[in-house]
Amino acid sequence: MDDKSIISPPPRKGRGAPSNAVPQRFNLQDREIDGDWLDERAVIDDIGSKLRTTVTTEFPKSIINYNTSPDLPFDRSINAYRGCEHGCVYCYARPTHAYHDLSPGLDFESKLFAKPNAADLLRQTFTKPNYQPASLAIGTNTDPYQPIEKRYRITRQILEVMLDVRHPVVITTKSNRVVEDIDLLVQLALQKLTAVAISVTTLDSMTARLLEPRAPAPARRLEAVRKLSEAGIYVHVNIAPVVPGITDHEIEAIVAAAADCGASSVSFIPMRLPHEVAPLFEQWLESHYPERKSKVMSIVRQMRGGKRNDPEFHSRMRGQGPWADLLRTRIAIASRKAGLNKAKLKLRTDLFERPIISGSQMELF
């Protein structure tokens, strides 16, 4: 899809994606009015109405996802939810909804899935004799502390299992709701079993409201950094993503704010626009920053080898070219001035205790 084919509908209040992008990779048909009365009703009812969030429970047979990516610091992860109500327009995970015949656009942030049996599956996995512990990441695909966590508490249940078996876990989130589990995190931290990474994209609340409409405000995230740090928990601030022409001028200010709140380290990731995310983001630019669209996309292409996205290992996380090099230099200088990135926390794996399932023969010993 080229720039000329981008159609920018009016922005929907409280949502990140301007529309429901069609997952063309799976040959799904465009969602156009075909004369069916249900389609007509949907269009009529949508006028002036609020898009409701729905949650479907699902019960997978396995819960840990393994990867062999050489540019990721972990080889396993858990996602308690699919889709994310935060609605971050740039979210690289949006295309995963296309695997389920749903749109990476509005569907991704309004049609959510929860896995209530995640903790039980995790405990069962840990009982297997061939399981070897290593840092397990939570929040790599969708935020573990998005609003529906308040109702389902799946992330908390997972942390309870981690604490019970002394398994290392790293959490990535954009939400201050992580503080609600500080009682568990403190106990894990005392044994060097956890670290928390909080993403801060911008310090400006108005910009955040456009980029991440349902994520907590930047000030709340930074306050979460402070509370976690004061409780003795290792906190990392990830400036992710850096949106060129929109948020890149804030790098030094974010690093300084992170240090002031007690963060131990910082990093950044240039914005990634895989698959349907690219046209969605261009629609978003047309709706909110039409005067900057050409400049922003020009910089994106400079950092992505002339394309809107670069899927190659290593470069996908770092970017390439002068703009990416400049971002790295700025981060390094700002971190050095703020006294950050001096030491990285290495989580322990030697404390792991394989759980015993109730009713098994191991209970006899």
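Below is a short tour, from the whole chain down to one pair of strands and the helices beside them. Keep in mind that this is a predicted model. The protein chain has 365 residues, and 51% of them are buried.

**The whole chain**
- Take the contacts between residues at least 6 apart in sequence: 79% of these join residues at least 24 apart.
- The chain exposes about 17,800 Å², with carbon and sulfur atoms supplying 52% of that area.

**The sheet**
- Seven strands make up an open sheet with mixed pairing, and if you walk across it, the order is β2-β3-β6-β7-β8-β9-β10.
- At the edges sit β2 (64-66) and β10 (265-270), and each of these pairs on one side only.
- From one strand to the next, the twist averages 25°.

**A closer look at β7 and β8**
- Strand β7 covers residues 169-173 and strand β8 covers residues 194-199; the two run parallel and are joined by five bridges.
- To spot the pairing yourself, look for Thr172, which stands opposite Ala197 in β8.

**Helices on the sheet**
- Helix α6 (residues 182-190) packs on the sheet and touches both β7 and β8. The direction of α6 makes about 125° with that of β8.
- Helix α8 (residues 218-230) packs on the sheet too, touching β8 and β9 (235-242). For α8, the angle with the direction of β8 is about 165°.

Notes. Residues numbered from 1 in each chain as written. Predicted model: local features only at pLDDT ≥ 70, side-chain atom pairs only at ≥ 80, totals over all residues. Heavy atoms only, no water. Buried < 20%, exposed > 50% of the residue type's maximum accessible area, 1.4 Å probe, protein only. Contact = heavy atoms within 4.5 Å. Areas by Shrake-Rupley, 256 points an atom, 1.4 Å probe, with all protein chains shown as cover. Pairing = 2+ DSSP bridges. Helix = DSSP H or I, 4+ residues; strand = E, 2+ residues; numbered from the N terminus. Axes fitted to C-alpha atoms, helices over the stretch in contact; angles between N-to-C directions.
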